[in-house]
Amino acid sequence: MNKTRHVVAIVDDDPRLLESMGDLLESAGYVARSFSSAGSLLVNGLSDLDLLITDIGMPGIDGFELRDLVRKSRPELPVFMITGRHEIADQGRAQGASGFFRKPFDAQALLAAIANALHKSTDGG
C-alpha cells in the first residue's frame with residue numbers, strides 16, 4: 001500500500017499567508033493543514049505531521065517557543081521558520097531550524113527545501 005501524501009502544517013496569524021501557502025503546498029502534492037496560532041496546532045496534535053512551517057512573530061506562543069515545544073515531543077519533525085522581520089533572521093535563535101525563510105520567500109526554494117527535509121527524514125538522516 002502506498003504511503004499517503006506528506007502532511008505539512010502551517011502556523012501563521014496572517015490568513016492571507018495561510019491561504020497562499022496552503023494553495024502552494026496542495027499544488028505540489030502535499031496535504032496542507034493551516035493553523036492561525038501555535039495553540040490551535042498543539043490542541044490538534046503533532047502525531048500525523050511530516051513537517052511544520054511556522055511564523056516567528058505571533059501573539060501568544062511565538063515560533064521559537066513552538067519549535068522548542070515540538071522538539072520535546074517530536075524531535076525528528078522538521079521545523080521551518082518564516083518571518084517578515086529581517087532583524088530576527090539574523091539572530092542566532094533562528095539558526096536551529098530545519099529551514100529558515102524571510103518573507104517574501106521564493107516558492108520554488110521553499111518547495112525544494114521541504115522535499116529535501118522530507119527525503120532526509122524518511123531516509124533516517
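Reader: Let me begin with charged pairs: how many salt bridges are there?

Author: The general idea is that side chains of opposite charge can pair when their charged atoms come close. In this predicted model, the count comes to 7 salt bridges.

Reader: Which residue does Asp48 pair with?

Author: Asp48 forms a salt bridge with Arg33, and their closest N and O atoms are 2.3 Å apart. Asp48 sits in the loop between helix H2 (38-44) and S3, while Arg33 belongs to strand S2 (residues 31-35), so the pair ties together parts that are 15 residues apart in sequence.

Reader: Are these two buried, exposed or partly exposed, and how do I tell which?

Author: Compare the relative accessible area with the cut-offs: buried means under 20%, exposed over 50%, and partly exposed in between. Asp48 has 34% relative accessibility, so Asp48 counts as partly exposed. Arg33, at 29%, is partly exposed too.

Reader: What about Arg67 and Asp68: how far apart are their closest N and O atoms?

Author: They are 3.4 Å apart, in another salt bridge. Here Arg67 is buried, with a relative accessible area of 7%, whereas Asp68 is partly exposed at 35%. There is also a salt bridge between the side chains of Glu76 and Arg74, at 2.6 Å from N to O. Arg74 is buried, with a relative accessible area of 16%.

Reader: Where is Asp12 found, and is Asp12 buried or exposed?

Author: Look in the loop between strand S1 (7-11) and helix H1 (15-27). Asp12 is buried, with a relative accessible area of 0%. A polar contact of 3.1 Å joins the side chains of Asp12 and Lys103. Beyond its neighbours within four places in sequence, Asp12 has contacts that include Phe35, Asp55 and Met58.

Reader: And what does UniProt list for Asp55?

Author: An unreviewed UniProt entry lists Asp55 as "modified residue: 4-aspartylphosphate". In the model, Asp55 is found in strand S3 (residues 51-55) and is buried, at 5% relative accessible area.

Key. Residues numbered from 1 in each chain as written. Predicted model: local features only at pLDDT ≥ 70, side-chain atom pairs only at ≥ 80, totals over all residues. Heavy atoms only, no water. Helix = DSSP H or I, 4+ residues; strand = E, 2+ residues; numbered from the N terminus. Buried < 20%, exposed > 50% of the residue type's maximum accessible area, 1.4 Å probe, protein only. Polar contact = N/O pair within 3.5 Å; in protein donor to acceptor, adjacent residues only side chain to side chain. Contact = heavy atoms within 4.5 Å. UniProt positions renumbered as here; feature names shortened; annotations may be inferred. Salt bridge = Lys/Arg side-chain N within 4 Å of Asp/Glu carboxyl O.
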